[in-house]
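User: I have a sequence and its model open and want to walk through the side-chain pairs and the fold. Can you take my questions one at a time?

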Amino acid sequence: SKGLPVPFDLNLSHLWVLPKGDSTDDAPPSCVRELSHTRPLTGSNTDSKIFGSCLAWFLCQGISEFVHASQTCVKGRNMLENVFALDFAASAFLYAGFLPIYLLRDFRAACPSLSRTFICKKALRAAGVPEATIAAVRELYKNNRHFFTFRNLRKNAFDAHSGVRQG
């Protein structure tokens, strides 16, 4: 059966811009810096985080069936294990007379760039996730707006249309 939609404001978030490190230019009562010298921090609605955590728990119950053992998205796995496995495989190729080549890529920014259409329509369906659960995941990404507040001014900073929510 079809569930009810979540409240419109469930996924609204506040955006704080925190200064990186100390600067001699910082003087109370304000600290104004260029964006390149700040760290963005998003404070999400607690209800949305609880809903997301419950949904993640449900999805993780059968995920090991679809996720390779070397992937670190599953709790308890370690990225360093991937490095050791890669080094072991390269050593085996070298021992067999082949010249292994490492091609490493920085996946640090992979999660923010993931298409949500891909997540819902391709990845979750391919894993056999029920349509009702996919619909619940979609609800976590509706109206995903981030607001910036400074003194009495509140402005829409951006709407997030890609990426995986953290936390």
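User: How many salt bridges does the count come to?
Analyst: This is a predicted model, where local features need pLDDT of at least 70, side-chain atom pairs count only at pLDDT 80 or more, and totals for chains, interfaces and linings use all residues. Residues are numbered from 1 along each chain as its sequence is written, and side-chain values use heavy atoms, with hydrogens and water left out. A salt bridge here is a side-chain nitrogen of Lys or Arg within 4 Å of a carboxyl oxygen of Asp or Glu. By that rule, the count is three.

User: Which residue forms a salt bridge with Arg125?
Analyst: Side chains of opposite charge can pair when their charged atoms come close. Arg125 counts as partly exposed because its relative accessibility is 36%, given cut-offs of under 20% relative accessible area for buried, over 50% for exposed and partly exposed in between (1.4 Å probe, protein chains only). The closest N and O atoms are 2.7 Å apart, and the partner is Glu131.

User: How many residues apart are Arg145 and Asp159?
Analyst: The side chains of these two meet in a salt bridge at 3.4 Å, N to O. The pair links distant parts of the chain, with Arg145 in strand β3 and Asp159 in strand β4, and the separation is 14 residues.

User: What is the order of the strands in the open sheet?
Analyst: Helices (H or I, at least four residues) and strands (E, at least two) are DSSP runs, numbered from the N terminus, and two strands pair if DSSP finds at least two bridges between them. The sheet has four strands with mixed pairing, and its edge strands, β2 (38-44) and β4 (153-159), each pair on one side only. Strand β1 (residues 13-19) runs antiparallel to β2, with seven bridges joining them. Put together, the order reads β2-β1-β3-β4.

User: Which residue in β2 is the bridge partner of Val17?
Analyst: β1, residues 13-19, is joined to β2 by bridges. For Val17, the partner in β2 is Pro40.

User: How do the elements run from the N terminus on?
Analyst: The secondary structure comes to five helices and four strands. Reading from the N terminus, the run is β-β-α-α-α-α-α-β-β.

User: What is the phi of Asn143?
Analyst: Most residues other than glycine have a negative phi. Asn143 sits in the loop between α5 (131-139) and β3 (145-150), and counts as partly exposed because its relative accessibility is 27%. Asn143 is not a glycine, yet its phi is positive, at about 50°.

User: What is the angle between the planes of Phe93 and Phe98?
Analyst: Rings of Phe, Tyr and Trp (its six-membered ring) pair if their centres lie within 6.5 Å; planes under 30 degrees apart count as stacked, over 60 as edge-to-face and the rest as tilted. The structure holds one aromatic pair. Phe93 and Phe98 form that edge-to-face pair, 6.1 Å centre to centre, and the angle is 80°.

User: Which residue lies over the face of Phe147?
Analyst: A charge sits over a ring if NZ of Lys or CZ of Arg is within 6 Å of the ring centre and within 35 degrees of the ring normal. Over Phe147, at 4.1 Å from the ring centre, you'll find Arg154.
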